[in-house]
Amino acid sequence: MKNLYLFITLILILILSSCSSNENDNVQTEKLIGTWIGVSRIYDGENMGNTKYSTIKFTADGKTEFNFINPQGNGDVVEKGTWKKVENDLQIIWDHNPNITTHILVSELTSNTLQFKSFIDGKIQYDNFKK
């Protein structure tokens, strides 16, 4: 249940986040394509634990899907939308509410590592994923 709470918190953070700059302006979108498995999350300096049940999928045609499968079998969360790179960040527009645009600052992107940060209430959340 704790993992479900953390994933829902991530979705809320992403929905409510707003970013204006990114130190890494070399995000290569071809590396982003694929399915990413959650590794860890840090919120306001606190380790929130393993997020291995979280996945994010980015497709070459601009679709994205955020998934959390609850290991206890209830409360699964799926969010779908479209993504695009705009300047130095990724923008996601959610299918369930096209008026919401989420900004994700990618701080590391390699062929097997994705790290991004989001902001909520002036606090930073880091999420790490692997392929």
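This is a predicted model: local features need pLDDT of at least 70, side-chain atom pairs count only at pLDDT 80 or more; totals for chains, interfaces and linings use all residues.
Let me start with the aromatic rings: a search of the whole structure turns up three aromatic pairs. A pair of aromatic rings is described by the distance of the centres and the angle of the planes. I will go through two of the pairs.

Take Phe 66 and Trp 94. Their ring centres are 5.2 Å apart and the planes meet at 70°, so this pair is edge-to-face. The two residues belong to distant parts of the chain: Phe 66 sits in strand β4, residues 63-68, and Trp 94 in strand β6, residues 89-94, which puts them 28 residues apart. Are they buried or exposed? Phe 66 has 0% relative accessibility and counts as buried. Trp 94, with a relative accessible area of 1%, is buried as well.

Next, Phe 116 and Phe 129. This aromatic pair is stacked, with 5.8 Å from centre to centre and 10° between the planes. Phe 116 is in strand β8, residues 113-120, and Phe 129 is in strand β9, residues 123-130, so the pair ties together parts 13 residues apart in sequence. Both Phe 116 and Phe 129 are buried.

Now to strand β3, residues 54-58. Its side chains alternate.

Which strands pair with β3? One of them is β1, residues 34-43, which runs antiparallel to β3 over four bridges. Within that pairing, Thr 35 has Lys 57 of β3 as its bridge partner. β3 also pairs with β4, again in the antiparallel sense, over five bridges. Here the bridge partner of Phe 58 is Thr 64 in β4. The hairpin of β3 and β4 has four residues between the strands, and Gly 62 in this hairpin takes a positive phi near 85°.

In soluble globular proteins, nonpolar side chains tend to be buried together. In this model the largest nonpolar core has 17 residues, and those with the most contacts inside it are Leu 32, Trp 36, Phe 58, Ile 104, Val 106, Leu 109 and Leu 114. Strands β3, β6, β7 (97-109) and β8 each supply at least two residues of this core. The largest share, four residues, comes from β7.

Which residues does Leu 32 contact, leaving aside its neighbours within four places in sequence? They are Phe 58, Trp 83, Leu 90, Leu 109 and Leu 114.

Note on methods
Residues are numbered from 1 along each chain as its sequence is written. Side-chain values use heavy atoms; hydrogens and water are left out. Rings of Phe, Tyr and Trp (its six-membered ring) pair if their centres lie within 6.5 Å; planes under 30 degrees apart count as stacked, over 60 as edge-to-face and the rest as tilted. Buried means under 20% relative accessible area, exposed over 50%, partly exposed in between (1.4 Å probe, protein chains only). Two strands pair if DSSP finds at least two bridges between them. A nonpolar core is a set of buried Ala, Val, Leu, Ile, Met, Phe, Trp, Tyr and Cys residues joined through side-chain atoms within 4.5 Å. Contact means heavy atoms within 4.5 Å.
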